[in-house]
Amino acid sequence: MMRILIFLLLSQWAFAQKEFTLVMLHKRQDLPAMPKEEVDKLMQGHFANMEKLHKEGHLVAAGPFEGGGGIFIFNSTNRADIDRWLADDPGVQAQRWRLEVLPYKPVIGSICAVSEPYQMVNYSFIRFVPQLTKDNQRDATRLFLAHQDLISGLNTNKVIITHVQMGELEDLVIATEAINADRFATDPAVQQGLLAVEAKKLFIAKGSFCEK
């Protein structure tokens with residue numbers, strides 16, 4: 001198995017086998033143009049709200065994707081709380097991103113406190129999204145197990161963690177090495193259309209998830 005790496009905001013906690021909420025902030029392709037001064041003000045408010053939520057113990061981790069968007073990981077599974085915290089974000093209020101709220105539970109591993117100055121590094125963020133149809137539904141379990149075997153075979157000192165979304169045929173791998181979607185061309189679940197592969201680069205602080 002592998003352990004997940006995501007940019008950790010300065011934290012005093014260590015988590016293992018705990019349930020969280022992952023929020024994907026997807027870059028909008030239809031975003032209307034705004035004056036730079038307004039965008040800067042929104043982003044200042046965005047970062048200030050992140051700092052506030054972190055100090056209150058709600059926001060465990062956050063990190064941007066290369067090219068726009070990013071993720072939040074909240075220390076809660078209460079959707080009403082998540083919605084309230086997001087609603088206070090000026091960037092969210094201005095609909096700067098398309099939000100996707102997902103249950104999240106690390107398979108193994110824990111979050112380590114990261115002190116300033118952060119050493120920011122690039123990590124591969126590979127998401128496998130289920131695409132259930134009448135043609136692949138019957139073989140979904142077999143295909144997903146084959147997929148997990150392939151992912152386990154990636155386990156090296158450079159590939160750190162996998163996460164399985166609760167109750168869904170969904171997988172997430174974050175790796176210290178560069179990995180693109182082509183790496184999974186032989187994945188049976190991908191070949192049969194059960195899983196769609198989304199590959200991004202995520203900026204994180206080194207050591208966030210206790211990797212050596």
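1. Overall burial. Of the 212 residues of the protein, 43% count as buried. The coordinates belong to a predicted model, and every remark below should be read with that origin in mind.

2. Secondary structure. The protein contains five helices and eight strands. Their order along the sequence is β-α-β-β-α-α-β-β-α-β-β-α-β.

3. Helix 1 spans residues 36–55, a run of 20 residues. From its first C-alpha to its last it reaches 29 Å, close to the 28 Å expected at 1.5 Å a residue. Just after helix 1, Gly 57 adopts a positive phi of about 85 degrees.

4. Helix 1, buried residues. Which residues of helix 1 are buried? They are Val 39, Leu 42, Gly 45, His 46, Asn 49, Met 50, Leu 53 and His 54. The elements that cover these buried residues include strand 1 (20–27), strand 2 (59–64), strand 3 (70–74) and strand 4 (97–104). Helix 2 (79–87) and helix 3 (90–93) are also included in that cover.

5. The side chains of Lys 36 and Asp 40 form a salt bridge, with an N to O distance of 2.7 Å. Because Lys 36 and Asp 40 are four residues apart in helix 1, about one helical turn separates them. Lys 36 is exposed, at a relative accessible area of 59%, whereas Asp 40, at 30%, is partly exposed.

6. Within helix 2, Arg 79 and Asp 83 are four residues apart, about one turn of the helix. Arg 79 and Asp 83 form a salt bridge whose closest N and O atoms are 2.8 Å apart. Both partners are partly exposed: Arg 79 has a relative accessibility of 47%, and Asp 83 has a relative accessible area of 36%.

7. Helix 2, buried side. The buried residues of helix 2 are Ile 82, Trp 85 and Leu 86. Why do they lie on the same side of helix 2? They cover an arc of only 100 degrees around the axis, and therefore fall on the same side of the helix. The buried residues of helix 2 pack against strand 1, helix 1, strand 3, helix 3 and strand 4.

8. His 26. This histidine is found in strand 1. Is His 26 buried or exposed? With a relative accessible area of 9%, His 26 is buried, because the cut-off for burial is under 20%. Leaving aside residues up to four places away in sequence, His 26 touches Trp 97, Arg 98, Glu 100 and Arg 127.

9. Salt bridges elsewhere. How many salt bridges does a search of the whole structure find? The search finds 11. Glu 100, Arg 127, Glu 170 and Glu 198 are linked in a network of salt bridges. Of these, Glu 100 and Arg 127 are also among the residues that His 26 touches. A further salt bridge joins Asp 139 and Arg 142, with the closest N and O atoms 3.6 Å apart. Asp 139 counts as partly exposed at 32% relative accessibility, while Arg 142, at 52%, counts as exposed.

Terms used:
Residues numbered from 1 in each chain as written. Predicted model: local features only at pLDDT ≥ 70, side-chain atom pairs only at ≥ 80, totals over all residues. Heavy atoms only, no water. Helix = DSSP H or I, 4+ residues; strand = E, 2+ residues; numbered from the N terminus. Expected span 1.5 Å × (residues − 1). Buried < 20%, exposed > 50% of the residue type's maximum accessible area, 1.4 Å probe, protein only. Contact = heavy atoms within 4.5 Å. Salt bridge = Lys/Arg side-chain N within 4 Å of Asp/Glu carboxyl O. Arc of directions from axis to C-beta.
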